[in-house]
Amino acid sequence: MSSQEQILLLQELARVYGIETAYRDMNSRIQKAGVESLLAVLRAMGAPVRSLDDVPAALVNRRMALWRRMVEPVKVVWGGNPEALRLRLPQESASGSVNYDVELESGEVTSRSCDIVELPTEEASEIEGKPYVVKSLPIPGPLPFGYHKARVEVGSEVVETVLICSPSKAYSAAEKPDRRFWGLFLPMYALRSGGSFDGGDFSDLRDLISWVCQLGGSVVATLPFLATFLDEPFDPSPYAPVSRLFWNEFYIDVTTVPELEVCPAARSVLESAGFRKEIEELRSMPYVDYRRQMALKRKVLEELAGCLLGGPSLRRDDFHRYLESTPRLEDYAKFRASCESSRNPWTKWPEPMRQGRLSGTDYCENAKHYHEYVQWVANQQLEELSGVACNGGLGLYLDLPLGVHPDGYDVWKVNGVFVKELATGAPPDIIFTGGQNWGFPPLHPDEIRKQGYRYVIDYLRHHMRMAGVLRVDHVMGLHHLFCIPDGMSAADGVYVQYSAEELYAIFCLESHRNKCLVVGENLGTVPPYVNEAMNTHGLHSMYVTQYELTHDPEQALSDAPSNAVASLNTHDMFPFAAYWQDLDIEERVKIGFLDESSAREEIQNRQGLKEALVSFLRARGWLSGEGSADADEVLRACLAFLAAGPPRIVLANLEDLWLETAPQNIPGTTTQNPNWRRKARLGFDEFSRMPEVVEFLKRIDGLIRKQESPGD
């Protein structure tokens, strides 16, 4: 067999594993996957291939395995009206009877039996000389929305499939289809007040939501506040959580925990001179010191946990009921306690521990109780603030990160779901010419299906029960992810496909069950079919002004779509004032992302965009005067334009309202920038009383409610 023939077989093997052999880059050029990249990704996904010589046999085995799968592990039932199951059978088995039943979530079972020969034949094929047929097996319906099981028995073989019965569109607050909403964005660590230790806490967030509601707003958006590593290992990034199933105790307000009233030891810690001095030092710093603040909070929380568990009480009974209702929590707490005992990531633990088996000698029991307790407290404080939504509004707008930390709980415990030999990232583009490696392992497309997407359902429920809106980071990941093999560069990555229909069905179903709007982050280079699928299934899109600008003064900005969440920028961008002053371009030169020549071209291009935007806003009455305009005038005009337009939700970055220029995050940087650490220059007690902020937000509220015209 020639090398070219081997490569063609390799590409076919990749395709039957759901691995794309080429993709279009941002310039619409075809980029073909290399041989070594395909082999490495195939190996990571379980294909027995060390070299091209192994490909023919691996291809035969994969095809046979797919045809031996009597039914797919998952079947989507849109709207409750089931289509038939595809029943794959060897021709020799396509006689006799098939017994099958459907078990609903409620436990109700419907059983059927029929002759196989009487079932319609959809397809016939021959695989390696063996004939197969595909029969249509009718599913009794209609079915209620939910996750049901179909059990199929042919001869001695019995298989099960999960039936995801879902609305075809995500929840949309359809009882108020014309209702529009506005809100504010600020990372919670950046939100500070006179009552918080250093960075913000859940009480601060509750106060912010209440204030926004008083002004007529409906939603407050923030970054993920899932559990992170804040000791050893240390990684405070909200997009590298330890788990997507547990909250970050860093944001607990220890002063409102009920145990404080009956715990003298905890009060003694809080009231000590040394403790108060450290808190004052932390408050005076411009950046959040996660490690130091968490150490201080933990001193108090450990005392509170000890008091709770020290004797019988109604609160302790509630705590134990929470443990019983949250089956993963004890295991998670053991994992966190073991990390603290070993001071090493789980990948360096002894073999039994790496395989998920922890004994009492692997961790401190008090540390385990601490992690159980803080999850309970965090959950209670979050439930309290998630119920603050007023004005018929949405409340919390949470952010679902794309992945989890490779050393975290989910990768360690959720067996087989992650492909640990791969990392998720992005292909080369105009800014990141070498591509991006985000470091976290992707989910295994086959394994999550075999497990009925239990992990996906769990992390969606974890977020949606607290949120009125959930933003899905990198929504393209519902279709495919760019995966990079260990030891290779980001430029060597390839795309791995997922069963998008099944994932959309889960998102739609869970959004309805939790009355939660879903927003897909669809910025950047996104294939058209992603936006089409989002529209089909009722996911809201994103519209970011700084990405939408053109040089045409007549059409410098287009109207945002009615199903969009519209904003001036995102957490990964410089604030508007920095953009208007070209400070972001200067910073990229300092970091090395741009050379001087490219920077000059970009500044020239930016100037044309700014001039077009000013002309556009003046022509439509949103901006007055003549000549150039300053950042504050243009910022307010842009937000007013968005508020008067069709988008369902308009979000303003709070820091834009006082013309902040420093970013919260610069993608692609680590030590070059204090990412995820910078506190807001103004605290809640300051900005909530600023007339220029309050009056402008009242104007936005009026525009959202169609009470003003451009000239008002």
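**Strand pairing, then a disulfide**

Guide: Let's start with β9 and strand β10 (residues 157-166), which pair in the antiparallel sense over nine bridges. This is a predicted model, where local features need pLDDT of at least 70 and side-chain atom pairs count only at pLDDT 80 or more, while totals for chains, interfaces and linings use all residues. Residues are numbered from 1 along each chain as its sequence is written, and side-chain values use heavy atoms, leaving out hydrogens and water.

A quick word on terms: helices (H or I, at least four residues) and strands (E, at least two) are DSSP runs numbered from the N terminus, and two strands pair if DSSP finds at least two bridges between them.

Back to our pair: Glu 153 sits opposite Val 158 in β10. β9 and β10 make a hairpin with two residues between them, and Gly 155 in that turn has a positive phi of about 60 degrees. β9 (residues 146-154) also pairs with strand β5 (residues 97-103), again antiparallel, over six bridges. There, Tyr 100 has Val 152 in β9 as its bridge partner.

Now the cysteines. Cys 263 and Cys 307 form a disulfide (cysteine sulfur atoms within 2.5 Å), with their sulfurs 2.2 Å apart. Buried means under 20% relative accessible area, exposed over 50%, and partly exposed in between (1.4 Å probe, protein chains only). Cys 263, at 0%, is buried, whereas Cys 307, at 31%, is partly exposed.
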